[in-house]
Amino acid sequence: GTERPGHREEASAVCGMVGAAAACAKLLGLDALRTAHAIGIAATQASAAAESDCHESRPVSLGIAARNGAAAALLAEQAFTGSADSLDAPKGLLDGAGMEARPQDLLEGLGTHWQFASLGYHAYACDHALHTAVEACLQLKRKYDLSARSIEEVVVRLHPARSRYAELTHPASPADARHSLHHVVAVALLDRKGRCKGAVGT
């Protein structure tokens, strides 16, 4: 669907719940009707405020999405019902999320084009927009055997659209740390094992 002005929800949590329900329905071997019920059960619960994106509550909403999606499939397996038109009905998930329903988009490339192939792997415990900076630091560290004492200055060039990550120079919480360029670069360069494990600020 296409987003309507003035509406925004946390897409990962909303879509994640529906996706988890569909995936679990597949694993359980549910037929088409019960799969539709599983998605309907999940859709009635799918919600997360986009405001949580930079707060510690965001991982919680993602975990809840996975849990509730799995529970929806298990309920459908036991003949519990939900709306079979939960996504694109006039009062369905897309409408409630401020999206103009375009059900034809769901079928485009079905069975021939796999979105999974274009997904990125969240390798480090920080915002995905900072992964390239972290990876660059780790590669330089390995190539030149860098240590804290051998580094005098660090210069990172960002696309203007990513400039907000450079504004968090002194993160005050783990959530801030995950979105702070200064923090994740420092962790990447100082972590002795080069894993950037502490990028969450813990």
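Student: In which element of the chain is confidence lowest, and in which is it highest?

Tutor: pLDDT is the predictor's confidence in each residue, from 0 to 100. Confidence is lowest in strand β1 (residues 2-3), at a mean of 46, and highest in α2, at 94. Helices (H or I, at least four residues) and strands (E, at least two) are DSSP runs, numbered from the N terminus. Over residues 1-8 the pLDDT is below 50. The chain averages 81.

This is a predicted model: local features need pLDDT of at least 70, side-chain atom pairs count only at pLDDT 80 or more, and totals for chains, interfaces and linings use all residues. Residues are numbered from 1 along each chain as its sequence is written, and side-chain values use heavy atoms, without hydrogens and water.

Student: Is His-37 buried or exposed?

Tutor: Buried means under 20% relative accessible area, exposed over 50%, partly exposed in between (1.4 Å probe, protein chains only). His-37 counts as buried because its relative accessibility is 14%. This residue lies in helix α2.

Student: What does His-37 touch?

Tutor: Contact means heavy atoms within 4.5 Å. Not counting residues up to four places away in sequence, His-37 touches Ala-76, Phe-80, Thr-81 and Gly-82. A polar atom of the His-37 side chain lies 2.7 Å from the backbone oxygen of Gly-82.

How values were computed. A polar contact is a pair of N or O atoms within 3.5 Å; within protein, one must be able to donate a hydrogen and the other to accept it, and residues adjacent in sequence count only if both atoms are side-chain atoms.
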